[in-house]
Amino acid sequence: MTRELTQYQILRELEPVAEANLNRHLSMAKEWHPHDYVPWEQGRNFAAMGGEDWDPSQSRLSEVAKIAMVTNLLTEDNLPSYHREIAENFSQDGAWGTWVGRWTAEENRHGIVIRDYLVVTRGVDPVALEQARMIHMTNGVQSPENWGGFLENVAYVTFQELATRVSHRNTGRVCDDPIADRMLQRIAADENLHMIFYRTLCGAGLDLVPDQALEAITKVLTHFVMPGHGMPNFRRNGVIMAKHGIYDLRQHLEDVVAPVLKNWNVFERNDFGPRGERAREELAAYLERLTQDVAKFEEQRDRMLAREAARRELQTV
Ligand SMILES: [Fe+2]
Ligand SMILES: [Fe+2]
């Protein structure tokens, strides 16, 4: 028989693990400063200060790089919403409270440095960026229905931190600018440490209340949406990012979902009761569907890229 614990009991039981991992995080996290990652000598005034306003010809980023940068930045900008979710579902006392504050402060750097880079290098239209930020932050994060509680939140942020790590790293590659690449690698390293904290805490939750935790993990994965869900043009931009390998279904399955489930030994454990076993079956069926969807998506993508290449060839004839 596995135990059923309340949210409060789970947080109290896991507090020593939170404290040990907060200390581990603080010993691993490197201090870094956003201003060290921005090429300030490329900056100049806009029209309101006697200079020139943004024009598309000023950007050295490809369309794909622009879309990926803006998507990643708007995602980081919505930090107040994520903070609210985490602060409401984790305790604000002791090690939990310290973690929530520290994590929020670290995340804030990501939005600061990406915006500084984009404005200084004139990589994207700063007016359109500001308009999109206003819309996205006003809407806030929209959690799926019946979503909530510590276990679902810690499971979600485990996958979300790893997903943003992949997205930042691959965005760095398509920017074709070593400065942007270095900046996004720096951010990706932070996201990895965040993922490790949440993955460890969620793993400790699985050990403590296996059935409850696996139900939460299964619910989160089967309803997973990227944190930027709901921002202007998210669907269209998500398709473009997937098409260009910045964040696609195979990466979601192989680089995000599978390694985390393996780390938790989800399919080798023998501590589940009937509820946990049911969740595990549901999870296995979901992974099967996802594997088929990966193959389908890649076939479509190959066809689309081949059509585009043929069209380009026709145009050059
Ligand atoms: Fe971040
Ligand atoms: Fe993060």
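In the predicted model described here, histidine 110 touches Glu76, Ile187 and Asp190, where residues up to four places away in sequence are not counted (two residues are in contact if their C-beta atoms, placed from the backbone, lie within 7 Å). Residues are numbered from 1 along each chain as its sequence is written, and chains are lettered from A and ligands numbered from 1 in the order in which they are written. Because the model is predicted, local features need pLDDT of at least 70 and side-chain atom pairs count only at pLDDT 80 or more, while totals for chains, interfaces and linings use all residues.

Histidine 110 belongs to helix α4, which covers residues 94–121; helices (H or I, at least four residues) and strands (E, at least two) are DSSP runs, numbered from the N terminus. Histidine 110 counts as buried because it has 25 C-beta neighbours inside 10 Å. A residue is buried if 20 or more other C-beta atoms lie within 10 Å of its own, exposed if 12 or fewer, and partly exposed in between, with C-beta atoms placed from the backbone.

An unreviewed UniProt entry places the feature "binding site" at Glu76, Glu107, His110 and Glu191. UniProt positions are given in the numbering used here, feature names are shortened, and annotations may be inferred rather than shown by experiment. These four positions are spread over 116 residues of sequence, although they cluster in space, with a largest C-alpha distance of 11.2 Å. Glutamate 191 is found in helix α7 and counts as buried, with 22 C-beta neighbours inside 10 Å. When residues up to four places away in sequence are not counted, glutamate 191 touches Glu161, Thr164, Arg165 and His168.

For "binding site", UniProt (unreviewed entry) also lists Glu107, Glu161, Glu191 and His194. These residues span 88 residues in sequence, yet no two of their C-alpha atoms are more than 10.6 Å apart, so they gather at one spot. Histidine 194 lies in helix α7, and 22 C-beta neighbours inside 10 Å make histidine 194 a buried residue. Apart from neighbours within four places in sequence, histidine 194 is in contact with Trp103 and Glu161.

Two packed helices are described by the angle between their axes and the distance between the axes. Axes are lines fitted to C-alpha atoms, for helices over the stretch in contact, and angles run from 0 to 180 degrees between N-to-C directions. Helix α7 (residues 178–208) packs with helix α1 (residues 7–28) at an angle of about 155 degrees, and their axes are 10 Å apart. The two helices are therefore roughly antiparallel to each other; angles under 35 degrees count as roughly parallel, over 145 as roughly antiparallel, 65 to 115 as roughly perpendicular and the rest as oblique. The crossing of α1 past α7 is right-handed, where a crossing is left-handed if the near helix is turned anticlockwise from the far one by less than a right angle, and right-handed if clockwise. Residues of α1, including Ile10, Leu14 and Val17, meet residues of α7, among them Leu193, Phe197 and Leu201. The contact of α1 with α7 has 10 nonpolar, 4 polar and 1 charged residues. Ala, Val, Leu, Ile, Met, Phe, Trp, Tyr, Cys and Pro count as nonpolar, Asp, Glu, Lys and Arg as charged, and the others, Gly among them, as polar.

A further helix pair is formed by α8 (residues 210–222) and α11 (residues 274–316), whose axes come within 8 Å and cross at roughly 25 degrees. Helices α8 and α11 are therefore roughly parallel to each other, and α8 passes α11 in a left-handed crossing. Among the residues making the contact are Pro210, Leu214 and Leu221 of α8 and Arg275, Ala279 and Tyr286 of α11. By class, the contact of α8 with α11 divides into 6 nonpolar, 3 polar and 5 charged residues. The unreviewed UniProt entry places a "coiled-coil region" at residues 280–307. Over residues 280–307 the chain is 100% helix and 0% strand, with its end C-alpha atoms 41 Å apart.
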